[in-house]
Amino acid sequence: MDKVAFGMIIAGIILLLAGIYGAYYFIDELIYVIKGLLGLVVALAGLALLVVGILTVKD
């Protein structure tokens with residue numbers, strides 16, 4: 001294994017641990033973000049259904 005790959009593995013482990021710690025430390029905000037993203041996905045799905053419905057009615 002070359003030195004670059006080993007360095008990438010070490011950097012990946014450090015970033016993974018930092019991300020887990022950050023997610024644990026900001027768990028309340030993380031839950032709000034997940035709820036917001038879920039709402040955004042539902043809104044986009046509704047918009048897509050609306051557009052398909054409008055295009056279908058025009059035909």
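**Exercise 1. Two tyrosines**

Decide whether Y21 and Y25 are buried or exposed in this predicted model.

*Solution.* Both Y21 and Y25 are exposed. For Y25 the cut-off can be applied directly: exposed means over 50% relative accessible area. Y25 has a relative accessible area of 55%, so Y25 is classed as exposed.

**Exercise 2. Aromatic pairs**

Find how many aromatic pairs the whole structure holds, and work out the geometry of the one formed by Y21 and Y25.

*Solution.* Step 1: a search of the whole structure gives 2 aromatic pairs.
Step 1: in the pair Y21 and Y25, the ring centres are 6.0 Å apart and the planes meet at 20°, so this pair is stacked. The cut-off behind this step is that planes under 30 degrees apart count as stacked.
Step 2: Y21 and Y25 both lie in helix α1 (residues 3-25), and because they are 4 residues apart there, about one helical turn separates them.
Step 3: Y25 also pairs with F26, with 4.8 Å from centre to centre and 85° between the planes, an edge-to-face arrangement.
Step 4: Y21, Y25 and F26 together form one aromatic cluster.

**Exercise 3. The overall form**

State how many helices and strands the protein has, and explain why it is described as more spread out than a compact globule.

*Solution.* Step 1: the count is 2 helices and 0 strands.
Step 1: the radius of gyration is 21 Å, whereas the globule rule gives 10 Å for 59 residues; the value is well over the rule, so the protein is more spread out than a compact globule.
Step 2: the C-alpha trace spans about 60 × 35 × 10 Å along the principal axes.
Step 3: of the 59 residues, 0% count as buried. The accessible surface comes to about 5500 Å², and 80% of that belongs to carbon and sulfur atoms.

**Exercise 4. Helix α2**

*Solution.* Step 1: the patch is made by V33, L37, L40, L44, L47, L50, V51, I54 and L55.
Step 1: I54 sits in helix α2 (residues 27-58). With a relative accessible area of 44%, I54 is partly exposed.
Step 2: V41 is also found in helix α2. Its relative accessible area is 54%, so V41 is exposed.

Terms used. Residues are numbered from 1 along each chain as its sequence is written. This is a predicted model: local features need pLDDT of at least 70, side-chain atom pairs count only at pLDDT 80 or more; totals for chains, interfaces and linings use all residues. Side-chain values use heavy atoms; hydrogens and water are left out. Patches are made of residues with over 30% relative accessible area and no salt bridge: like charges are joined within 9 Å, nonpolar side chains (Val, Leu, Ile, Met, Phe, Trp, Tyr) within 5 Å. Accessible areas come from the Shrake-Rupley method with a 1.4 Å probe; for residues, only the protein chains shown count as cover. A salt bridge is a side-chain nitrogen of Lys or Arg within 4 Å of a carboxyl oxygen of Asp or Glu. Buried means under 20% relative accessible area, exposed over 50%, partly exposed in between (1.4 Å probe, protein chains only). The radius of gyration is taken over C-alpha atoms; the globule rule is 2.2 Å times the number of residues to the power 0.38. Rings of Phe, Tyr and Trp (its six-membered ring) pair if their centres lie within 6.5 Å; planes under 30 degrees apart count as stacked, over 60 as edge-to-face and the rest as tilted.
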